[in-house]
Amino acid sequence: MAGYNGFADDVVIESVSLGGTPLTIRERGNGFVRLSDAGLNLANNQEVELAVTAHDSAGNRITKRFPVSYLPVDYQMTVHNADSGIYRKIQKVDITLDKQPGAECAMYPLREYAQIAAKGNGYSCYLQWHQVPEGMETRANLRRPSVTGTLKGAGDANFEFGLTIVNRSGTEKPLQRESLTISPLEPTVPELNFDMAKAISGGLLPVPLYGGNVSRAYSQALSAELVLETGKDDMFAQISTRQRPNVKKVDINNRMRAAQGRLWQQESIPAASYYALAPEIRTEASVTAVYVPSQSIRAQMIVQDSYGLTTEKSLVEGQVGIYNSRTRSWDFDYDTMGHWQVTLLTRDLEGNDLPLETKPVDAGGRVEFELDPNALPPEGGMLLLSASLQAELEGYEHQVTSNRRYLRVFKGSEVLGSLDSRTVTGQVPFSARIGFDASTRADARVLGGVNWEISYDEGGTWQGVERYEDRSRMVVQMQEESTAWVRAETVNRYSGVKGYTETVKLLAYDAPELLIQQVAPKFQGEAITFRIEDEHQLLDERSQYQWSLDRGVTWVDGGRELTVPYDPAQQYIFGRAKYDGLAVTVEADNSWRRSYAKTRWHRYKAPYVRMALPSKAELDTDLELSATVQPPYQGYEPRLRGFWRLSDGREIEDLDTVITITDSLVVDNEMVVERVAWIDGLREHTEIVRSVEMEVWQYQFVPPTIEIRNDLSYAPTRVIAYLRKPRLYAPGVEFSSTWRSSAASKIEAEPNVAYLTMNEAGIHEVQLTYSDNRGNSRVITQFVELLEPEPLMMVVSPSYTNQFKRAPLDVLMRVSAVPGHDEDRVSSYAWRLNGEAVEGDQYRQLFNELSVGTHTIEVTVTTEFGQQHTEAHQVEVIPNIKPVCTLRERRSSNLTLEYRCTDPDGKMVAYEWHINGERIGNTSRAISMSLPEDDIQVMATAMDDSGDQVSETFTLQF
């Protein structure tokens, strides 16, 4: 035990007790004590209290109490894989000793090993198994001892272990002794079943002649190592599964295989399932296999024709057997593949297979069918072969289906069809589109080509149309009035049979382009005459004409003209006509060409008058009078009469004339001009008067005014002069302006404004000469006053490198200058030191290392507008005061030296040390070193911020 209060050898431990029993203190020293064995009889894992009492030289006394556990080592036996119970004979049991929370103790299988391992005052433990059932083995694993094996004996199984602790001297004490009892269960026999999904009648399982998989055996048993054996001789197989933890049962399965055999031979295949640790607990069974033809037998269908015709039969070949890819041929024989029958099938639109014919295969597995395509759907059908084995075993079927092939079926006889029109008529230029339409879908599928022929003598002679060869449609263009006949030749693309359609007659006729016109305009109450006109001008007396007054519902034969009496209601007059030619033979209404017109009677109406006169005119100037007079109706061209009437009563008959505006024509600054117009002979019904009122003005020259503006009232500045024109209506009058000023250095003139630059103070004259293009002119004068600008203002601000102004001194001078003019700017700075110019033209200037004494610094500032000002500043530089220093030393295990300095006019910046003439690297004011054995000489040097140094030498004795 140990006690400590921060001072060496100042704590004394008075007493120590364990569980209330005092312990013997064997040694004391510097706060430490060694304790002897208490000789207490404590139980394992018993918790007791350790109490310690101590005091120090100051009279402080304290008691500390600690909880202590005696020998807290604990192990428990754990049985693994026992959740579903433990079964006798068949299962392996695994029991481990697992460490529980507590103290650690190295474990060994023998006492001798444990005693040797207990070094010094330490200890170790050794394990003893006092009871282990027959068939179980112990494993001396130092970290996790265990017992493993199979419970073979009858009755319960007992396990017991003991754990003992031992020290280096051989003293030992039992720590733990535990026991465990297991009551094992009796095992059941394994279950054995077979996959019988492919079994046929009698429970037989088919297998190919070359052998192979017959079935699969499935076994289930308790969770243990399970073995499954299948087959015999060369086909024998054995597999097993391990015991699985935390499961009640295990499963295992394997294939059952048969060796090569003969067709229809039967063979028994055995199987057995048992526990690996108890082979006597087993189940045995078997299945029966029968040898059948190979599942690799296939059927192939070959159709020689790519399509079928309704007039011919198609050959279909079939092959049954196994295809040999190496020889590229089919293998077949009755001994190994049996006897087969092949059925030719067709598949309908609903997906049903319909049998057509059934035949057996020959010794080579071949079969042939002659197919009548008419047995298939009209356009063709899907063909396939179904091959069936003639099995000798009841209930066994083997059927294979061949590849499928769709056989298209086409009509083999003449292609039938018709043209899409029997008779076609039309006006020249005439274009007829004729097409061939197959009668049925079967005819359309075999149509190989259409060749067109045309005749102009009602079919007496025919000539082919090469342009439309092998096309289903044809266009016939007829540029003149004529008749033609057209037919089509068809070819069956598969059989080559040719055929002809019926004939189509084409008739092209000439037709007029009609326009119905009113012969002459008529006023109300008069009859109107209409006439049919032809743009081609081919209508004559032989042509046919018809008229209709009910919008084309009924037609009446008539001549080329029709007269209609006056009717206040408007009427539609329809007329139609056709030439005396082939059009006469066409009875259809479309052989006529028609048009229409509307009745229109004119009422009395004045002519239209438009005058091109201005709204304003100037007195004593010439004015051109011009007017446009038009009839009231389009197409109506009567003689028009009229005259001009002026304000003074004068009448002028000319349509276009020129007059002079005089005072006699003006009333209240206005002049009225009238134009009178009418239709000759109908003045009382058609007279119209149009008048125009014009404002008459007289020009007078009015001078403008000048408005002066200047942003700054002192020179130099830019003056703005605005030209303020009077409001005046004077079209054609042009004005000009000229600006002048003797005080302006620059004049920039724009419309209605001028910019004058003036540099001198004073009262200045601004003149404007204003003129028009009629000889009038006026000079306008205005004055502007400009003042002298304020004087230049400046402030000089110095900055010093030290506040005491001691040498050496750096001075930074800054100038802030404000010109008296708002638009003025500083152009230069000139600096002088003690009357001598220095380099630099900026607003600030640095003067380095001024010596002791009085210095005069001057700066002269000049602006762009010429203002200039000089400021002087005096600087008094005083001498530097050296620092005062003292040396201090402190001796302990080391030697510490400190050179303390004070600087009344600054601060210390560096130190330097020499020991026995040798400079050391430390530059601080204090250094530390080991205590020297002999006397040393120390030189200390200190420097202030002015560069002055103080140096002293000291001798230190040791």
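Arg473 is partly exposed, at 32% relative accessibility (buried is under 20% relative accessible area, exposed over 50% and partly exposed in between, with a 1.4 Å probe and protein chains only). The structure is a predicted model, in which local features need pLDDT of at least 70 and side-chain atom pairs count only at pLDDT 80 or more, while totals for chains, interfaces and linings use all residues. Residues are numbered from 1 along each chain as its sequence is written, and side-chain values use heavy atoms, with hydrogens and water left out.

Side chains of opposite charge can pair when their charged atoms come close. With a salt bridge taken as a side-chain nitrogen of Lys or Arg within 4 Å of a carboxyl oxygen of Asp or Glu, the model contains 37 salt bridges. One of them pairs Arg473 with Asp437, with 3.6 Å between the closest N and O atoms. Arg473 belongs to strand S38 (residues 473–478) and Asp437 to strand S35 (residues 430–438), so this pair ties together parts that are 36 residues apart in sequence. Strands (E, at least two residues) are DSSP runs numbered from the N terminus. Asp437 is partly exposed, with a relative accessibility of 33%.

A salt bridge also links the side chains of Arg645 and Glu674, at an N to O distance of 3.1 Å. Because Arg645 is in strand S53 (residues 640–645) and Glu674 in strand S56 (residues 670–679), the pair ties together parts 29 residues apart in sequence. Arg645 is partly exposed at 29% relative accessibility. Glu898 and Arg900 form a further salt bridge, with an N to O distance of 2.9 Å. In this pair Glu898 is buried, at 13% relative accessibility, whereas Arg900 is partly exposed, at 33%.

Gln937 is located in strand S77 (residues 936–944) and is partly exposed, with a relative accessible area of 41%. Its C-alpha atom is 8.2 Å from that of His914, a residue 23 positions away along the chain. Leaving aside residues up to four places away in sequence, Gln937 touches His914, Ile915, Asn916, Thr953, Phe954 and Thr955 (contact means heavy atoms within 4.5 Å).

Asn916, one of these contacts, has a positive phi near 55°. Asn916 lies in the loop between strand S74 (908–915) and strand S75 (918–919), and is partly exposed with a relative accessible area of 49%. Lys89 likewise has a positive phi, near 70°. Lys89 is in the loop between strand S7 (75–80) and strand S8 (92–99) and is partly exposed, at 36%. Most residues other than glycine have a negative phi, and most peptide bonds are trans. A cis peptide bond joins Ala715 to Pro716, with omega about -10°; Pro716 is in the loop between strand S58 (705–710) and strand S59 (717–724). Ala807 and Pro808 are also joined by a cis peptide bond, with omega about -10°, and Pro808 is in the loop between strand S65 (793–800) and strand S66 (809–818).

Terms used: Helices (H or I, at least four residues) and strands (E, at least two) are DSSP runs, numbered from the N terminus.
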